[in-house]
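Please read the following briefing alongside the sequence and the coordinates.

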Amino acid sequence: MLAGNAPGLQHPNSNSILRGLIITLAYDDVNRTVTKRLLEKLGCEVTAVSSGFECLSALSNVEMPYRVVILDLQMPKMDGFEVAMKIRKFYGYHWPLIIALTASTEDHVRERCLQMGVNGMIQKPVLLHVMDSELRRAL
């Protein structure tokens, strides 16, 4: 699951624990590209998708063993809560780790994430040091 010293993943700011971490980023927003670049700066290998349906499809790809799914909670058609629920129903609670992206600071959102089996949360706007800390905590 961790690629370790995979070629092309040597970034000056990457951390050994995150280097080569295989992530699916489901984010229906123009900030998807920025968030993907932040994850890559940390040394992660990222597949970005724009919907919950694409996220679930990416997880079924056996050639790409995703270890972490980062979900925007506010995606259209199938929001992050529903995607998390489907991931937990199909894959269980131990794999993959799920981290939610949200602009909300309300306690009921955090509580609902916990009920859905989400392993962590990152507040928008996404900052590099916050993403680094939350990934390390979840791992």
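In helix α5 (residues 128–138), the buried residues are M131, D132, E134, L135 and A138, where buried means under 20% relative accessible area, exposed over 50% and partly exposed in between (1.4 Å probe, protein chains only). These buried residues of α5 pack against β1 (22–26), α1 (32–41), β3 (68–72), β4 (97–102) and β5 (120–123), with contact taken as heavy atoms within 4.5 Å. Helices (H or I, at least four residues) and strands (E, at least two) are DSSP runs, numbered from the N terminus. An α-helix has 3.6 residues a turn, so residues three or four places apart point the same way.

This is a predicted model, in which local features need pLDDT of at least 70 and side-chain atom pairs count only at pLDDT 80 or more, while totals for chains, interfaces and linings use all residues. Residues are numbered from 1 along each chain as its sequence is written, and side-chain values use heavy atoms, with hydrogens and water left out.

**Overall architecture**

- The chain contains five helices and five strands, and from the N terminus on its elements run β-α-β-α-β-α-β-α-β-α.
- Of the 139 residues in the chain, 46% are buried, and the chain exposes about 7300 Å², of which carbon and sulfur atoms supply 53%; these accessible areas come from the Shrake-Rupley method with a 1.4 Å probe, and for residues only the protein chains shown count as cover.
- Among contacts between residues at least 6 apart in sequence, 57% join residues at least 24 apart.

**The sheet and the helices across it**

- Five strands form an open sheet in the order β2-β1-β3-β4-β5, with parallel pairing, where two strands pair if DSSP finds at least two bridges between them.
- The edge strands are β2 (45–49) and β5, each of which pairs on one side only, and the twist averages 20° from one strand to the next.
- Helix α2 (residues 52–59) lies across β1, β2 and β3 and runs at about 160° to β1, whereas helix α4 (residues 107–115) lies across β4 and β5 and runs at about 145° to β5; axes are lines fitted to C-alpha atoms, for helices over the stretch in contact, and angles run from 0 to 180 degrees between N-to-C directions.

**Strand β3 and D72**

- Strand β3 is largely enclosed by the rest of the structure, because five of its five residues are buried; V68, I70 and D72 point one way from β3, and V69 and L71 the other way.
- Four bridges join β3 to the parallel strand β1, with I23 opposite V68 and L25 opposite I70.
- Five bridges join β3 to β4, which also run parallel, and here D72 stands opposite L101.
- D72 is buried, with a relative accessible area of 2%, and, leaving aside its neighbours within four places in sequence, D72 is in contact with A26, Y27, D28, G80, L101 and K124.
- UniProt lists D72 for "modified residue: 4-aspartylphosphate" in an unreviewed entry; UniProt positions are given in the numbering used here, feature names are shortened, and annotations may be inferred rather than shown by experiment.

**Confidence**

- The mean pLDDT of the chain is 84, and 89% of its residues reach 70 or more, pLDDT being the predictor's confidence in each residue, from 0 to 100.
- Over residues 1–12 the pLDDT is below 50, and beyond near neighbours in sequence this stretch has 23 contacts in the model.
- Where pLDDT is low, the predicted coordinates should not be read in detail.
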